[in-house]
Amino acid sequence: MLVAADKFKGSLTAVEVAERVTAGLRRVRADLEVEALPVADGGDGTVAAAVAAGFARHEVRVRGPLGDEVTAGYALRDGTAVVEMAEASGLQRLPDGVLAPLTASTYGSGELLRAALDAGARTIVFGVGGSATTDGGAGMLAALGALFLTASGEPVGPGGGALAELASADLSGLDPRLASVEFVLASDVDNPLTGPKGAAAVYGPQKGASPEDVERLDAALAHYVKVLDASAHAGSPGAGAAGGIGFGALLVGARFRPGIEVMLDVLGFASALERADLVITGEGSLDEQTLHGKAPAGVASAARAAGKDVIAVCGRLALPPEALGRAGIRRAYALTDVEPDVAKCIADAGPILERTAERIAQDYLS
């Protein structure tokens, strides 16, 4: 049995999901062999999944999205670093109730990348998602040596809003080590940087941007692209990921890949799959978004290709059986099947998930 599930956001980490599922299964079959491989799709939780798979966590002090100093981590093993931008520039780094759509910066993410380079990384998997920012990766690039100046020769301010004042850009000072590493942009979204499907329009409201803020940010990002003369990169899949940090990564040579595909490779999923006769995946909500690059869909696709059955666990199920079947998921078990009260499911997700896993064991293993 292989448990390869993502986090239940706001309730359980991916590691805790695996622990609870394992405990529930073994209540029915105490001798059951269970292998846990927590997974992530490049967003928040990606470093934790890598550490659970045997990578070492390294911590450094970097700037948070508002410029304050925070402790952020990346994962490293055998020359491969897994860097999660949310560790430095994610929404969780903002004080409670504080959103800063115009001024939040990715500078700390650049510092994290630089720390991975300092540690000798030859391959960097850059997981992006869960960002507090919409600065097109300008902060990240500045931390890596780029220079962005206003007409008066002063550095532009932090955040996407300040890019409207950008008059010149100089990338000649970028860290030369970027050219010698394999740099992979891992994301579950393929949006362009600007326009109606771009970073500001689609994801800005989640970061507190008003309709006026969205217009301002999109115009500032378009101006940023014009100054950089990088329209080809701006239209590339993944450029709009995580407030446009994908654009910044592509600009310095990163190669875009769907986040779950990258992470399954990094975590050694293929070999674990060979040892399994049944796979359990899942996340907090199985819905339409799940089908578009989220971890459970990636796990199910790979397992189906290997001829393995897949069961899913989730807090909330919003997909009909036919959609699950097309995704390669034989059946889904929701916590709300056990406890209809959603608030209780969120508060007591661990024990309810164990009871859900007992049902799976009774249905498939007894």
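Colleague: Is Asp78 buried or exposed in this model?
Modeller: The model is predicted. Asp78 sits in the loop between β4 (69-77) and β5 (80-84). Its relative accessibility is 68%. The cut-off for exposed is over 50%, so Asp78 counts as exposed.

Colleague: What is the phi of Asp78?
Modeller: Asp78 is not a glycine. Even so, its phi is positive. The value is about 50 degrees.

Colleague: Where is Asp229 found, and what is its relative accessibility?
Modeller: Asp229 is a residue other than glycine with a positive phi, near 55 degrees. Asp229 lies in the loop between α7 (211-228) and α8 (231-234). Asp229 counts as exposed, because its relative accessibility is 68%.

Colleague: Which strands are the edge strands of the open sheet of six strands?
Modeller: The order is β3-β4-β5-β6-β9-β10, and the pairing is mixed. An edge strand here pairs on one side only. That applies to β3 (56-63) and β10 (255-258).

Colleague: Which residue is the bridge partner of Ala186 in β10?
Modeller: Strands of a sheet pair through backbone hydrogen bonds, either parallel or antiparallel. Strand β9 (residues 182-187) and β10 pair in the parallel sense, over four bridges. The partner of Ala186 in β10 is Arg257.

Colleague: What angle does the direction of helix α10 make with that of β10?
Modeller: Helix α10 covers residues 259-267 and packs on the sheet. It touches β4, β5, β6, β9 and β10. Its direction makes an angle with that of β10 of about 90 degrees.

Colleague: At what angle does helix α9 run to β9?
Modeller: Helix α9 spans residues 241-251. It lies across β6 (123-127), β9 and β10. Its angle to β9 is about 160 degrees.

Colleague: Which element gives the most to the largest nonpolar core?
Modeller: That core has 53 residues. Phe126, Tyr224 and Phe247 touch the most other members. With seven residues, the top contributor is α9.

Key
Residues numbered from 1 in each chain as written. Predicted model: local features only at pLDDT ≥ 70, side-chain atom pairs only at ≥ 80, totals over all residues. Heavy atoms only, no water. Helix = DSSP H or I, 4+ residues; strand = E, 2+ residues; numbered from the N terminus. Buried < 20%, exposed > 50% of the residue type's maximum accessible area, 1.4 Å probe, protein only. Pairing = 2+ DSSP bridges. Contact = heavy atoms within 4.5 Å. Axes fitted to C-alpha atoms, helices over the stretch in contact; angles between N-to-C directions. Core = buried A, V, L, I, M, F, W, Y, C linked by side-chain atoms within 4.5 Å.
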